[in-house]
Amino acid sequence: MATCRWPYRLTIVCGLLLFRCEQPLVFANQHPPTAAPAHQQQHNFADSGNDAAIGFEVNGGFTCCADVQGSCKAACENLSLARIASEPASREAKLADVRKYCPLQQQAPFWQCMNDTLAAIQRGAAWPGRVCCPLAMSVRCQNVCATGSSRDELTSGCRASDEQSLFGCLKRQEDGHRCCSSARTSECVHACTEVFQRYRTPSKVQREEVLAACRTNNSNVMQCIKGFIDVTFTANLKRYVPCCDSSPEPKCRKVCRETLTAGGPDATQYTVEEIIDLLQHRGGCGALMPTLPLWKCFLEADKQRAAGQQLNSNEVSRINQIGMDSAKQHCCMKAVSLRCRLLCSTTFANEWTLDDLEQKCLGAPEEHALRQCIDEVDEPCELGCDGLSFCSNFNNRPTELFRSCRAQSDMAARTDVQQWRQQGYLPFPGGVQLPIRNETECSFEIWRSIACAAQIKPCTKDYHTNHICRQDCAEVLKNCVDWLRMPDGHSVSSLCQRLSPQNSSMPCISMGTFQLGGPVGSGLLEPSEVAAAASVAMSGERGPSVDVALVSPCKGSPCNSSQVCVANRDGTYGYRCVDGCPLGEASSYLVPVGTFVRIPVSVTQKGCLKVCRCGESGRIEKCQPLPCISYNSCTLAGRRFAHLSHFYVECNVCSCYAEEITCTKRQCRVPGLTEDRAFTSLPCNCPPHYVPVCGRNGNTYPSACVAKCAGVPDGDIEFGPCRARNGCDRVDCGPLSVCLPEWNVCLSGMHKPCPQYRCVNLTSTNCSTVTDIRDTDLVYHANLCEMVLARATYAYREKYRKHCDTSRRRSQVCGVNGITYRSECEAWSDYSTVDYNGPCQEVGLISPQLEARCSSIKCPKRKAHGCTPVLPPGACCPVCGTAIRIVYSRKQIDRGLYALKGTSNDYLTLRSIMRSLEALLQTVECRLTGQLTFENDLYVIVETLSKNPARLQTQICAREAERLVTLVRTQSHRITSELNLSALTVATLATPGNGGAGRPVELYSRIVLVLAVALGYLVGAGRH
């Protein structure tokens, strides 16, 4: 027996030496590596039949981890073969936890497996593509890459269509290997290799080393690498120094001045590429985006350089991956003409021919929707305007929308009026110069209103348009333009046609609203209203004054150009800056890290997109293709409906999106077909019994009948509310992790299983970042660390803690979504609001008169000031707020699930959509609630935080709801870019007078209506 142990122990000791000091490899079977032919080596390590021999299975699992348990298993699963293979120098640190938790004496088979795997990794260490392995999306592909030695060996586990980032990196490394392998000297090989070791432009030292080492006897290397080391020199960099003052960041301004003034007159100055690198990475000036003041100043100061500039290979690769501005690429679908759509797509995809687009398309009245969408990307409409000196008529308007209410625009308006008065003419779209009359014939107040409207850019609430009404345009041109000096060929109507879209019914901006003595109801607050709001603010719920910057902390973009401002919704009324990713190399629109976005992939073909993620590095990464969709119209009963249109079938709203018609499932009251005594108002006319059931989608329904009518199969229904089940039951997160229940509602039948928990790794994730915890006894814990130390059981994360009630005297409350919560704060944390006190015990019948239809329920008193009551489906008591009904596309959710490929599926749940919609709220005085109704739409309420709001606060929250409706209705880039929000197709305000449905836009054929409703009624009656 003793003779058998020594060879085995010797193997393990050698394996340990391999991990510790990277000694020559010793294999677990004690046989040294043989010099096998290249084709045989490829078969041994690329063929899937031998995957188990080198430590991973066909499905991508790391088999070595399967042989151990406990802390050793957790440490092993946190190990990445791709990182070990791509970063040999840091291998020792990456294996520290494995050696700590996997003792050699107790885990002999495990170390033998690890030894075999490391041997396979070491065999392909010379392959230049090894550094790209961590970019692979799937674990299977990472492992195949980590043990491979050529690109051909990846075919068994990596698909080029799914692993675009990986194969893009491999292409760069292969280009570098091809260039450097032809070098004749070792010095040239080393200098050439250093050029491809990082993604930035090669430094001056690296360029000089390549020239010194390769110029003499390596002409082939110089010719090959020329495109990678070419840089642009420019003379007299000091003339750009004034541009440094354009940056709002002090650090950026300092680094900019130091960079542009470095060295004396004889010193070698930085190249353009080096300057960009220094400003971006050392100065924190943000990505190279022409819309940012700093970079815009550079480009305007020397336009000739921009025309002749050559992009390096890495910049070209990034542009090909996400385009110049993918947010504006979504706008290109709004172009009316094919020429403008193609020009728009090529401009924002890779060519940036913005001048051509401006001249040929954006000035055309028929392309108004395209222009408006692009303007929304650059300057989104925001609530409130104040603090202006010249355009003072625009001040004190917290409920109006503006694109550019800031001091720079105020100054620009003043300058415009001065220039007009000095020059005697007004520049007009299309290159027309309008000669103007003097101030005795046309008052200064009119010119000031025109200049301020053009610079401050007020928006309409319905479509976020900002063009002047034709009636006002005609009035100004008739009275203020000197037509005696006007060139021939122009008239009042032809000029005003350029300012307004062809659809005269579109809302517009009235100039009288922003002149002295404007009409009543123009949005200008009276001093008494401001005082009333201030008194509410001083009551302890807010700060001492009504300030737009306070209630809208992110207004004016207080963060730097590479960060996204996120408003705090914990009662502090502040904000925090989080890292973000621009949606393109020249895009000013950023999304926070972790966001999944949709990127157009084709210039010529509509509907082809890919899903990408904003990575920790501030770059869009890990892109996966989406199935292409068609933007053709939909057909129903012989009638055609355009893509993105919506219509009504009696009381049900239907949307057409990508040839798919989606309708709500409200039970409509049809005269002559529904009798009052038999009509319950519930879908399928289900009886008003409250016997709650839980669907497999995580949604609680009042009865099995209602669940089945909503489309939940019989096999996916369990009796009892969903919250009665602990999401962490039978879930093993491992010894170094803790399971937190997180009840999600999934929006597609394809989303199985619907995630009801999440695991938090206490070793790799700082548990102190999970804050504001309540345990099952409603005891507050500042963070997850404290809760774990107190041995308490997690209940929920608290939101709006300073505004909601967590009284232990009131043990339970019923939410408007039919879910029983421990407290009001728990309901708020779940994006719900309280219907009544006590557990849920009835389902409310839908009444157009908003009457309480629950016999045993006593409704609580609601907010009195300016209360607009709405009644969510199934609720017993009205809620004060502004309600939105949203129809979403299940096929869009399914396409997103396909692209995510089983990872981060919780991004397509109701909670995720509510979180993204909440991020669109500008003011922190409002909060958002939402639920998936049994009528198969989303019911969202925007209400005030304050329990006793002033009229101004109620109005602001109503405007916020209207703004969300407009963003969905116009398919803003904020909706189409984010993966979860892109499924929202129709949004309407739910008004009290129509039972919560929006105003009909297009009525369906009356005959089809009657038959459809009658059929639904008969089917519903047949079920009972």
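1. The buried residues of helix α8 (139-146) are covered by elements that include α4 (81-86), α7 (108-123) and α9 (164-181), where contact means heavy atoms within 4.5 Å, and where helices are DSSP runs of H or I with at least four residues and strands are runs of E with at least two, both numbered from the N terminus. Seven of the eight residues of α8 are buried, so this helix is largely enclosed by the rest of the structure; they are R140, C141, Q142, N143, V144, C145 and A146. Buried stands for under 20% relative accessible area, exposed for over 50%, and partly exposed for values in between, with a 1.4 Å probe and protein chains only.

2. On the basis of these values, the model is a predicted one, in which local features need pLDDT of at least 70 and side-chain atom pairs count only at pLDDT 80 or more, while totals for chains, interfaces and linings use all residues. Residues are numbered from 1 along each chain as its sequence is written, and side-chain values use heavy atoms, with hydrogens and water left out.

3. Helix α14 (residues 272-282) is likewise largely enclosed by the rest of the structure, because nine of its eleven residues are buried. The buried residues are V272, E273, E274, I275, I276, D277, L278, L279 and Q280, a list that includes the acidic residues E273, E274 and D277. After α14 comes G284, which has a positive phi near 65 degrees.

4. Which residues does N568 touch, not counting those up to four places away in sequence? They are Y573, G574, Y575, R576 and V924. N568 lies in the loop between β6 (563-567) and β7 (575-582) and counts as buried at 15% relative accessibility. Its side chain is joined to that of R576 by a polar contact of 3.1 Å, the term denoting a pair of N or O atoms within 3.5 Å of which, within protein, one must be able to donate a hydrogen and the other to accept it, residues adjacent in sequence counting only if both atoms are side-chain atoms.

5. Several backbone values deserve a check, since most residues other than glycine have a negative phi and most peptide bonds are trans. E650, in the loop between β14 (646-649) and β15 (652-657), has a positive phi near 55 degrees and is partly exposed at 23%. N936, in the loop between β31 (926-932) and β32 (938-944), has a positive phi near 70 degrees but is buried, at 7%.

6. The peptide bond from K752 to P753 is cis, with omega near -10 degrees, and P753 sits in the loop between β20 (737-741) and β21 (757-761).
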